[in-house]
Amino acid sequence: MEKVAEKVSADTPATAKTVLEVEGLKTYFFVRQGVVKAVDDISFSLKAGEKLAIVGESGCGKSMTALSILRLVPDPPGRIVAGSIKLDGKDLLKLSDAEMRKIRGNQISMIFQEPMTSLNPVWSIGNQISEAVMLHQNVSRHEAFDKAVEMLKLVKIPEPSRRAREYPHQLSGGMRQRAMTAMALACNPHVLLADEPTTALDVTIQAQILDLILELQERLGTAVVLITHDLGVVAETAKRVIVMYGGKIVEEAAVEDLFENPLHPYTQGLLAAVPHLAALSTQAGEAASRNRLKEIPGIVPALVNLPKGCVFAPRCPHASDVCRNEYPPYEMKQPGHGVACWHAGKLAGGAHA
Amino acid sequence: MSPPPSESAASTIGGHSESGPAANVSFDAELARAGANVNSRWGMALFLAKRYPLGGVGLAIVTLFILVAVFAPLITGHDPLATNPSISLAKPAAAHLMGTDFMGRDLFSRVIYGARTSLAVAFGATLLGVVFGVLIGLASGYLGGWVDLTTQRVIDMLQALPTLILAMAMAAALGPSLTNTIIAIAIPKLPSIARVIRASTLSLREMPFVEAARAMGMSEMRIALRHILPNTLAPLIVLATAGLGSAILVEASLSFLGLGVPEPHPSWGRMLSESAAEYVRTAPWLVIFPGLAITFAVFGTNLLGDALRDILDPRQRTSN
Amino acid sequence: MGAYLVRRTVLFFVTVLGVSILIFGLMRIVPGNIADILFESSGFIDQVQKAKIEAELGLDKPLLQQYLSWIGGLAKGDFGFSYMSERPATAEILARLPVTLKLGGLTLFFTVLFGIPLGVWSAVKQNGFVDNTLRVVTLSALSLPSFWCGLLVLMFAVHVFGTIPIYSNEPRGVWQELALLSIPALVVGFRSSALIVRLTRSSMLEVMRQDYIRTARAKGASESSINYHHALKNAILPIITLLGIEASHLLGGLVVIETVFNIPGLGRYLVEAIRWRDYPIVQNLVLFSAFAVVITNFIVDMLYAVIDPRIKYSD
């Protein structure tokens, strides 16, 4: 495995402290049909205040990576089988359940995709936020509720003290996601995992929520891992991107670098499939003007008993025998730009051809 | 969320089957996915027995009781009605496996023949309840209007009385006989069956395939019987099987209270009432065996009912 | 809310009125009346005497008139007289009400006490040893006729203590009464707790799959807080419905168990009254039972709105 920590991060000064370091993480699901390698040997690191995006199609293992970090993988059938997750140098996988609970919602918190179903319908918004506060801070119920109202104000919910007494069904989708954000940030976490935070929302609301998350993470100095399938969102928010496919990291780079010079055929395919990004990148732009939007042929593979070789090979236009037989090593092609592809070097200049 | 694909595939199929009355369509798909040979009846039965072992046990118990009821005369040489005062309250022994009651009747053969009474009442009452419950439910859901309104009020009324109380009042009013006991037990069953059928009829009535049948000029009666009824079959089977066990219990309770099946039919419940408090001290076998028979029979139907519900109604699945 | 209450009240009266007609009708179909039974038991039928008794009890009047005088009496708070004892039905029923209420209350107490925690436990340990054991135990409980279970308890008591714990004399003191009533209450409660365990389990499993449970975990909530605060409050609605049904249908179970344990309550009284064709007692008791069911249903619906903020009763 490559030394992740050595990578030069594009947006944060090299001096910034590493808060989260994931190494060789493997999360497998043991189901009747076989073993599903949902997360297969993932390594990355996150510095204080950094904005990292993980992209990939649904089923690529990006959400499971986030759930693994919080140790919330549904068990059974899922289990973290190998690796380490270090928060400020402390391996989370070695903590007891009680110690882990002190981390969750406190030092690492998470925003989920569906604000509708992710909030408890029979608890008031204020109570749900103040519970998070009470779990991790030694405050009275009353103080915690005041803190909840304060958080609701911070996420720009109008009439926060009235809204705090309302229930999830009385709030709009955007409001619910704001409340979710308030809950996640209530204890001032070091790391915020945002799992498709805007996917379930109206397009007009999406930008508002993203702006809100970014504004707060900058103000509070939180490091963010933004999980998304939407490269548009990545372009607007993150500084560094990890592309996942079939449970593995296939490419990692600074955002501009990735958009200008995608090395992995899968990343190239993803970029070509995004309409407004296609115009950004000249290479892909030409492609787009020729045959409108490209789509990646085939479907995301079922992760049960994968064949040897590159997982993307069956869908890859450049696949050769070596691709079908051996999984490519992850290599640094340029400083801060790593990729796992046998043909990455060859394709670097000629992806558009 | 990005669950592993196989899981998401499973949940999509589950999701389809949860979308209401068309459950039986995806049921086959689900079976096929799980590796059952859906084309062969035996393959399917074998697969289901393997997947739901408790259901298999339940089916075996129910079958056993049916066989016992049918072949009662071959199982026991004693006449369940023949009295013999000289051997009154004999303890269980080789001649009388379960002993005798105070009239010297062989308890073993009474328990064996009791299966006939019990099953006759259970199946009779369930059948009666299902037939009339379905008719009432279909009429109520399909015709709507004042028919529906009246039916709903009558159902409210029947549901306002505890099952056993209603059955007691019915049994008392109709007088003691096997048929009347069946009717008395069937009537408290009507509301729940009618409600379920009405609910699925209401949702099915708006389904595209019913619209299509109507557009093709099919008569309403035919639509109700050919298209709506078959689609309500799954919940109906679940309800009916669950009802078998409760019918056996209600019959036993009625007979215990002296309002059930009269002499000469041997009834497990009445055997217990005859023997109740005093024999607890003096002749425990008279208490133990008929009670075991009831419990065992109800246990079997409950196991079967649970498995059928798991199979046919994924929404209420008790185990996964 | 106002319109809803009006509608509920109207439906309430329609249902109770319907039940009154039903039970009145059923009692009049019953072969023989109290006069027949009285004379049958003495072995001969004196037509003159019989007619005299029937006239005294008003049984010779047209059915409609009999019905109207019953309902008219009820409206004025007059429940009529017991044919058996010739005392006011109110007095007869009230005398037996306390013991039945205590028995019913204890039964429900045990039902909730065992049913809900065991159900939660079963769900938390899904498919584990506890869960499988409870599955077999609950299924057995649902297969046991309660009167047989009661007889087995009596038999056990005879063999172990040499005595039968039945309500032969008025119990001395609260504790003795509680102890005496606890046994039948446990017998009846066994079945209803089994139902509650099963429902709690499936309802909890359904809720524990929900996203908001994951949110609670992500917040750092403890497992017990997740089970009892986050999950149970959502899972409780169907449980309350079932508890309501069990509570309102309790009289059915008590009829049998009061007979077995010789408890002088309303359940056993109803059986006797049916046997003796004591119309006023049967009619009033059954109506009382229907009343309890309808009121319980209403309470359950109101509890729904209290527990689940999404439920509002309008129109």
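Visitor: Where is the place of C:R275?

Guide: C:R275 is in helix 12 of chain C, where helices (H or I, at least four residues) and strands (E, at least two) are DSSP runs, numbered from the N terminus. This is a predicted model, in which local features need pLDDT of at least 70 and side-chain atom pairs count only at pLDDT 80 or more, while totals for chains, interfaces and linings use all residues. Residues are numbered from 1 along each chain as its sequence is written, and chains are lettered from A and ligands numbered from 1 in the order in which they are written.

Visitor: Why is C:R275 called partly exposed?

Guide: A residue is buried if 20 or more other C-beta atoms, placed from the backbone, lie within 10 Å of its own, exposed if 12 or fewer, and partly exposed in between. C:R275 has 15 other C-beta atoms within 10 Å, so it counts as partly exposed.

Visitor: What makes helix 5 of chain C oblique to helix 12 of chain C?

Guide: Helix 5 (residues 89-124) and helix 12 of chain C pack at an angle of about 135°, with their axes 8 Å apart. Axes are lines fitted to C-alpha atoms, for helices over the stretch in contact, and angles run from 0 to 180 degrees between N-to-C directions. Angles under 35 degrees count as roughly parallel, over 145 as roughly antiparallel, 65 to 115 as roughly perpendicular and the rest as oblique, and therefore helix 5 of chain C is oblique to helix 12 of chain C.

Visitor: Which residues of helix 5 and helix 12 of chain C meet?

Guide: C:I93, C:R96, C:L97 and C:T100 in helix 5 of chain C meet C:L266, C:G267 and C:Y269 in helix 12 of chain C, contact being counted if the C-beta atoms of two residues, placed from the backbone, lie within 7 Å. They divide into four nonpolar, two polar and one charged, where Ala, Val, Leu, Ile, Met, Phe, Trp, Tyr, Cys and Pro count as nonpolar, Asp, Glu, Lys and Arg as charged, and the others, Gly among them, as polar.

Visitor: How many residues does the contact take from chain C and chain B?

Guide: It takes 38 residues from chain C and 38 residues from chain B. Helix 1 of chain C gives the most to the side of chain C that touches chain B, with nine residues, and by class that side has 28 nonpolar, ten polar and no charged residues.

Visitor: How many residues of chain C are in contact with chain A?

Guide: 19 residues of chain C are in contact with 23 residues of chain A. Helix 9 of chain C gives the most to the side of chain C that touches chain A, with eight residues, and by class this side has six nonpolar, six polar and seven charged residues.

Visitor: What makes strand 2 and strand 5 of chain A edge strands?

Guide: The open sheet of four strands in chain A has the order 2-1-4-5, with antiparallel pairing, and two strands pair if DSSP finds at least two bridges between them. Strand 2 (34-47) and strand 5 (90-91) of chain A each pair on one side only, and these are the edge strands. Strand 1 (residues 18-31) of chain A pairs with strand 2 of chain A over eleven bridges in the antiparallel sense.
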